[in-house]
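Please read the report below alongside the sequence and the coordinates. It moves from the whole chain to single residues.

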Amino acid sequence: MVRFWHPVADMHAVSATGELVLDRAEGVHVWDESGKRYLDATAALWYCNVGYGRPEIADAAAAQLRRLPAYSHYGDLSSRPTTDLAERIAQIAPMDDAVVFFTSGGGEAVETAVKLVRRYWSLRGEPRRTIVVSRERAYHGLAGYGTSIVGTDTFTVGLGPLAGDTLRVPWDDADALAAAIDEAGPERVAAFFCEPIVGAGGVLLPPPGYLEAARRVCRERGVLFVADEVICGFGRVGDWFASTRFGLDPDLVTFAKGVTPASASRSGQRVPGSGHTGTRTRVTRPRRLPRTRTSTYSSASPYPHARRRSRRSLRRRWNRSRRIRWSRRCARGSVSLRRCRSCRRRSPTIRP
Ligand SMILES: Cc1ncc(COP(=O)(O)O)c(C=O)c1O
């Protein structure tokens with residue numbers, strides 16, 4: 001009998017075949033207890049963005065564990081790694097003037113995001129906007145709301161009633177999204193949750209034009225656009241976020257893998273002005289930002305924040321060397337200017 005109940009596993013099969021017990025890791029490889037080496041092609045569960053065995057990360061973690069391992073961040077409490085990390089993430093977030101709310105995982109980021117968007121509308125005097133729209137094949141984690149908006153039945157079988165006021169639309173059809181919102185009544189719809197690239201549902205790239213059209217549909221109807229970047233974020237698609245790559249200008253972003261999980265949203269929320277089709281009006285945010293429901297460990301551990309800060313400086317070094325490689329190729333004329341990542345970076349108007 002295997003005593004450790006594995007997540008997302010057929011435990012009868014695990015009990016029959018036994019567990020694969022991993023022992024150590026280095027670079028892109030992991031070893032099991034018998035010394036067999038494996039190429040970690042999945043980067044654990046898509047979250048080990050910089051490989052294993054980095055002394056900078058281990059040192060940063062150890063130093064912070066000795067200094068201040070964890071503390072509550074409720075009220076006005078913070079720690080330097082947490083405050084600094086929020087600042088850095090805000091700088092690269094795919095929206096202006098972002099604020100960052102840390103959570104304990106992607107599912108909790110989604111949980112928080114659903115509450116934020118509902119609370120947002122209630123503070124803005126539109127409390128009937130409670131419906132959350134998601135897509136077939138979507139995966140937004142398996143906490144309460146995540147399970148309620150998941151796009152695959154596998155995760156909901158036998159659970160009984162889930163959270164109400166949710167709608168599912170096809171994953172690849174912006175007209176169907178528009179029709180679903182119009183049928184429900186835009187004044188009832190709080191937000192559309194969207195993975196820019198469907199991850200767990202099959203790694204599906206968006207059909208050309210889909211994301212832009214879906215974004216337009218939401219904007220025209222005053223529906224908040226939430227980009228779930230738990231898988232796409234932090235460099236996985238060539239930009240810091242898929243939202244930047246696809247020009248999505250989201251109202252809220254959830255992220256987790258490769259960095260401390262969190263949601264980032266605008267501090268001054270921009271909301272489509274009703275009746276201003278296709279345009280947006282900057283409105284002042286509700287006098288107070290919604291007080292977020294949270295958990296004991298929300299943001300509470302400076303130690304992982306310190307670890308992730310160090311990962312981020314590593315990634316900056318990688319990006320720098322990649323840019324140098326590209327500019328050398330560009331100077332040799334072996335790559336067209338349009339495709340040169342180095343030039344593109346210097347001149348943001350050149351897009352692929
Ligand atoms: C798009 C997306 N959202 C949310 C989650 C949930 O993240 P976590 O497993 O950290 O709860 C995942 C996990 O893979 C994900 O792919």
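## Overall make-up

The model discussed here is predicted. Its secondary structure comprises 11 helices and 12 strands, and of the 352 residues in the protein, 36% are buried. When contacts between residues at least 6 apart in sequence are considered, 66% of them join residues at least 24 apart.

## The ligand shell and helix α5

The ligand is surrounded by 14 residues, and the closest of these are Gly105, Gly106, Gly107, Gly141 and Val230. By residue class, the shell divides into 6 nonpolar, 6 polar and 2 charged residues. Helix α5, which covers residues 106-123, provides the largest share of this shell, with 3 residues.

Helix α5 is itself mostly covered, since 14 of its 18 residues are buried. Its length can be checked against a simple expectation: at 1.5 Å a residue, the 18 residues of α5 should span 26 Å, and the C-alpha atoms at its ends are 25 Å apart, which agrees. After the helix comes Gly125, which has a positive phi, near 85°.

## The open sheet β1-β2-β3

An open sheet is formed by 3 strands in the order β1-β2-β3, with antiparallel pairing. Because β1 (22-26) and β3 (37-39) stand at the edges and each has a single partner strand, one side of each is left without a neighbour in the sheet. On average, and with direction ignored, neighbouring strands of this sheet are turned by 30° against each other.

The pairing of β1 with strand β2 (residues 29-32) is antiparallel and runs over 4 bridges; within this part of the sheet, Arg24 is placed opposite Trp31 of β2. The hairpin that β1 and β2 make has 2 residues between the strands, and in this hairpin Gly27 adopts a positive phi near 60°.

## Strands β8 and β9

Strand β8 (residues 224-228) pairs with β9 in the parallel sense, over 3 bridges, and Asp228 has Thr254 in β9 as its bridge partner. In a regular strand the side chains alternate between the two faces of the sheet. Strand β9 (residues 252-255) can be described in these terms: Leu252 and Thr254 point one way, Val253 and Phe255 point the other way, and all of them are buried.

Which residues other than glycine deserve a look for their backbone angles? Most residues other than glycine have a negative phi. Arg137, although it is not a glycine, has a positive phi of about 75°, and Val203, likewise a residue other than glycine, has a positive phi near 50°.

Arg137 sits in the loop between β5 (131-135) and α6 (144-149), and it counts as partly exposed because 19 C-beta neighbours lie inside 10 Å, where a residue needs 20 or more to be buried. Val203 is placed in the loop between β7 (189-194) and α8 (210-221), and with 9 C-beta neighbours inside 10 Å, Val203 counts as exposed, the limit for that class being 12 or fewer.

Is Arg129 buried or exposed? Arg129 has 24 C-beta neighbours inside 10 Å and therefore counts as buried, while its place in the chain is the loop between α5 and β5. Leaving out residues up to four places away in sequence, Arg129 touches Trp121, Glu187, Arg188, Val189 and Ala190. Arg129 and Arg118 are 11 residues apart along the chain, and their C-alpha atoms are separated by 6.9 Å.

Ser148 belongs to helix α6 and has 19 C-beta neighbours inside 10 Å, so it counts as partly exposed. When neighbours within four places in sequence are set aside, the contacts of Ser148 are with Leu162, Ala163 and Thr166. For Ser148 and Leu162, the separation is 14 residues in sequence and 5.4 Å in space, taken from C-alpha to C-alpha.

Terms used. Residues are numbered from 1 along each chain as its sequence is written. This is a predicted model: local features need pLDDT of at least 70, side-chain atom pairs count only at pLDDT 80 or more; totals for chains, interfaces and linings use all residues. A residue is near a molecule or strand if its C-beta atom, placed from the backbone, lies within 6 Å of it. Ala, Val, Leu, Ile, Met, Phe, Trp, Tyr, Cys and Pro count as nonpolar, Asp, Glu, Lys and Arg as charged, and the others, Gly among them, as polar. The expected span of a helix is 1.5 Å times one less than its number of residues. Two strands pair if DSSP finds at least two bridges between them. Axes are lines fitted to C-alpha atoms, for helices over the stretch in contact, and angles run from 0 to 180 degrees between N-to-C directions. Two residues are in contact if their C-beta atoms, placed from the backbone, lie within 7 Å.
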